[in-house]
Amino acid sequence: MNVLVGYATAHGSTRAIAERTATALRHAGLAAEARPVTEVEDADADAYRAFVLGSAVHGQSWLRPAKDFARNHLDVLVARPVWIFSVGMPAALRGPWRRMAPKELPVIEKGLPPGLVYRSHRLFSGVVERDQLPRTGRLLFRLVGGRFGDFRDWEAVDAWAAGIAGELRAGG
């Protein structure tokens, strides 16, 4: 089975999670590759039998290239199994802000192209570095208790990818 793990990234966290997902799928015996969605042509998309699509989240929304890919290839996506993931900063937050993170998923999903059907949607934390935010953004981030660092949970990524592999191997 050929699986595209397509992604849109801003600073590299989403790319690393996509690559880790593709590696896990390959270790499970599937043919999988991670590619930026901007490099996937129409004919290429039709060659895949399943999709795992992900994007960095800015302003509670996927990046434009990821949303465009989903909208432009909807006819292919609706006929095949699709999983989606988003990369934000819930683990970088503390207190009430962190408890609000799961409420971000429905907001992100509302901004996706209408008609996109997917089996599951996971929100992973990425890397948050000082230089990724403007000065005002850094100040606000610190005021809400945000912490800078690498918050990727590789065990969670691997477990999610293993679940996808299990579904695909079972014929789904």
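Trainee: In which strand is the place of L53?

Mentor: Please bear in mind throughout that this is a predicted model. L53 has its place in strand β3, which covers residues 50-58.

Trainee: Is L53 buried or exposed?

Mentor: A residue counts as buried when its relative accessible area is under 20%. L53 has a relative accessible area of 2%, so it is buried.

Trainee: Which residues does L53 touch, leaving out those up to four places away in sequence?

Mentor: L53 touches G6, W62, F69, L77, V82, W83, I84 and F85.

Trainee: How many helices and strands does the protein chain have?

Mentor: The protein chain contains eight helices and eight strands. The radius of gyration is 16 Å, close to the 16 Å that the globule rule gives for 172 residues, so the chain is as compact as a globular protein of that length. Along its principal axes, the C-alpha trace spans about 45 × 30 × 25 Å.

Trainee: What share of the residues is buried?

Mentor: Buried residues account for 47% of the 172 residues in the protein chain. As for the surface, the chain exposes about 8700 Å², of which carbon and sulfur atoms supply 51%.

Trainee: Where does T14 lie, and which residues is it in contact with?

Mentor: T14 lies in helix α1, residues 13-27. Its relative accessible area is 1%, so T14 is buried. Leaving aside neighbours within four places in sequence, T14 is in contact with Y7, A8, T9, G54, S55, A56, F85 and V87. With A56 there is a specific pair of atoms to inspect: the backbone nitrogen of A56 lies 3.3 Å from a polar atom of the T14 side chain.

Trainee: What is the phi of Q60?

Mentor: The general idea is that most residues other than glycine have a negative phi. Phi of Q60, however, is near 60 degrees, a positive value in a residue other than glycine. Q60 is found in the loop between β3 and β4. At 39% relative accessibility, Q60 counts as partly exposed.

Trainee: Is P65 buried or partly exposed?

Mentor: P65 counts as partly exposed, since its relative accessibility is 34%. P65 lies in helix α3, residues 64-72. Not counting residues up to four places away in sequence, P65 touches A8, V37 and T38. P65 and V117 are 52 residues apart in sequence, and their C-alpha atoms are 18 Å apart.

Trainee: Where is the place of R152?

Mentor: R152 is in the loop between β8 (149-150) and α8 (154-169). At 22% relative accessibility, R152 counts as partly exposed. A polar contact of 2.6 Å joins the side chains of R152 and D150. Beyond residues up to four places away in sequence, R152 touches S13, A16, I17, S125, G126 and V127.

Trainee: How many positive and negative side chains does the whole chain have?

Mentor: The protein chain has 23 positive and 18 negative side chains. The centres of the two sets lie 9 Å apart.

Technical notes:
Residues are numbered from 1 along each chain as its sequence is written. This is a predicted model: local features need pLDDT of at least 70, side-chain atom pairs count only at pLDDT 80 or more; totals for chains, interfaces and linings use all residues. Side-chain values use heavy atoms; hydrogens and water are left out. Helices (H or I, at least four residues) and strands (E, at least two) are DSSP runs, numbered from the N terminus. The radius of gyration is taken over C-alpha atoms; the globule rule is 2.2 Å times the number of residues to the power 0.38. Buried means under 20% relative accessible area, exposed over 50%, partly exposed in between (1.4 Å probe, protein chains only). Accessible areas come from the Shrake-Rupley method with a 1.4 Å probe; for residues, only the protein chains shown count as cover. Lys and Arg count as positive and Asp and Glu as negative; His and the chain ends are not counted. The place of a charge is taken as NZ of Lys, CZ of Arg, CG of Asp or CD of Glu. A polar contact is a pair of N or O atoms within 3.5 Å; within protein, one must be able to donate a hydrogen and the other to accept it, and residues adjacent in sequence count only if both atoms are side-chain atoms. Contact means heavy atoms within 4.5 Å.
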